Amino acid sequence: MKFFVDTAEVSEIRGLADTGLLDGVTTNPSLIAKSGRPMADVIREICSITPGPVSAEVTATDFETMLAEGRYLRDLAPNVAVKVPLTEAGLRTCRALANEGTPVNVTLCFTAAQALLAAKAGAAFISPFVGRLDDISTDGIQLIADIVQIYRNYPELKTEVLVASVRHPVHLVQAAKLGAHVATLPPQVIRQLLKHPLTDSGLAAFLADWKKTGQSIL
């Protein structure tokens, strides 16, 4: 499973990239707004940090403007993946950009039927939002299971399932067990993956015992 980080904070991305565990980045207009910086500057800088796909989202809602925005974003850096919403105009834009060789991330997916349409439109990634479904008492992980099963039924579909709106490590583990290709995680969730109290207590015990020996490895 590939790990993307869901943020536009360059310092966070740089730190995670240094670990070697980061495969890409996803952004959206809300995350860009939080950065307080011009969108183009942020996307270019993020793309210079990681060679993996960096999702940059259009803000138009009509096809013609959405396509123009997608082409502009694509030209910011060679590893930009244009992100479009799962609307009729978004799917038209997806098909047009995909035909031009541009990877497209179709976002705001909430049903398996929507995911099938995105795959048929040539999406490189589909972004189902598990946390937002959980918020309305719907099983978000079941959506991942349905999409993965449908895509496996049709090997000619090359769209990768990019699990989004991940709220905690359990979401990640459940999605990985189902065979989802990618998860995009907020920085704090990535850090939570590392933590376990038994790891901390076990390390403390090892170090305490080692200190008693009076030895030094170096």
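The dialogue below goes from the overall fold to helix packing, salt bridges and the surface.

Q: What kind of model is this, and how many helices and strands are there in the protein chain?
A: The model is predicted. Its protein chain contains 11 helices and eight strands. Along the principal axes, the C-alpha trace spans about 70 × 40 × 30 Å.

Q: Which percentage of the residues in the protein chain is buried?
A: A residue counts as buried when its relative accessible area is under 20%. Of the 218 residues in the protein chain, 45% are buried.

Q: How should I read helix packing, and at what angle do the axes of α6 and α8 cross?
A: The angle is read from the N-to-C directions of the two axes. Helix α6 covers residues 112–120 and helix α8 covers residues 140–153; their axes come within 9 Å and cross at roughly 40°. Angles under 35 degrees count as roughly parallel, and α6 and α8 are therefore oblique to each other. Their crossing is right-handed.

Q: Are α8 and α9 roughly parallel or oblique to each other, and why?
A: Helix α9 spans residues 169–178, and α8 packs with α9 at an angle of about 20°, the axes being 9 Å apart. The pair α8 and α9 is therefore roughly parallel. The crossing of these two helices is right-handed.

Q: How do the axes of α4 and α5 cross?
A: The axes of α4 and α5 come within 9 Å, and the crossing angle is roughly 45°. That angle makes α4 oblique to α5. The crossing of α4 and α5 is right-handed.

Q: What is the general idea of a salt bridge, and how many does the structure hold?
A: Side chains of opposite charge can pair when their charged atoms come close. The structure holds 10 salt bridges.

Q: Which residue forms a salt bridge with K2, and which parts does the pair tie together?
A: K2 forms a salt bridge with E160, and the closest N and O atoms are 2.8 Å apart. K2 belongs to strand β1 (residues 2–6) and E160 to strand β7 (residues 160–163), so the pair ties together parts that are 158 residues apart in sequence. The relative accessible area of K2 is 31%, so K2 is partly exposed.

Q: Where do E12 and R191 lie?
A: The side chains of E12 and R191 meet in a salt bridge, at 2.4 Å from N to O. E12 is in helix α1 (residues 10–18) and R191 is in helix α10 (residues 187–194); the pair links distant parts of the chain, 179 residues apart. E12 is partly exposed at 24% relative accessibility, and R191 is partly exposed with a relative accessible area of 40%.

Q: What distance separates the closest N and O atoms of E100 and R74, and which residues are joined into one network?
A: The closest N and O atoms of the salt bridge between E100 and R74 are 2.6 Å apart. E100 lies in the loop between α5 (88–99) and β5 (104–109), while R74 lies in helix α4 (residues 63–74), so the pair ties together parts 26 residues apart in sequence. Salt bridges that share partners join R71, R74, D75 and E100 into one network. E100 counts as partly exposed at 38% relative accessibility, and R74 is partly exposed at 23%.

Q: Which residues form a nonpolar patch on the surface?
A: Patch members need over 30% relative accessible area and no salt bridge. Here W210, I217 and L218 form a nonpolar patch, with about 440 Å² of accessible area together. L218 is found in the segment after α11 (197–213). The relative accessible area of L218 is 94%, so L218 is exposed.

Q: Is S137 buried or exposed, and is N99 buried or exposed?
A: A residue counts as exposed at over 50% relative accessible area. S137, in the loop between α7 (130–135) and α8, has a relative accessible area of 75% and is therefore exposed. N99 lies in helix α5 and counts as exposed at 58% relative accessibility.

Note on methods
Residues numbered from 1 in each chain as written. Predicted model: local features only at pLDDT ≥ 70, side-chain atom pairs only at ≥ 80, totals over all residues. Heavy atoms only, no water. Patch = residues over 30% accessible without salt bridge, like charges linked within 9 Å, V, L, I, M, F, W, Y side chains within 5 Å. Areas by Shrake-Rupley, 256 points an atom, 1.4 Å probe, with all protein chains shown as cover. Salt bridge = Lys/Arg side-chain N within 4 Å of Asp/Glu carboxyl O. Helix = DSSP H or I, 4+ residues; strand = E, 2+ residues; numbered from the N terminus. Buried < 20%, exposed > 50% of the residue type's maximum accessible area, 1.4 Å probe, protein only. Axes fitted to C-alpha atoms, helices over the stretch in contact; angles between N-to-C directions. Parallel < 35°, antiparallel > 145°, perpendicular 65-115°, else oblique. Left-handed = near helix turned anticlockwise from the far one by under 90°.
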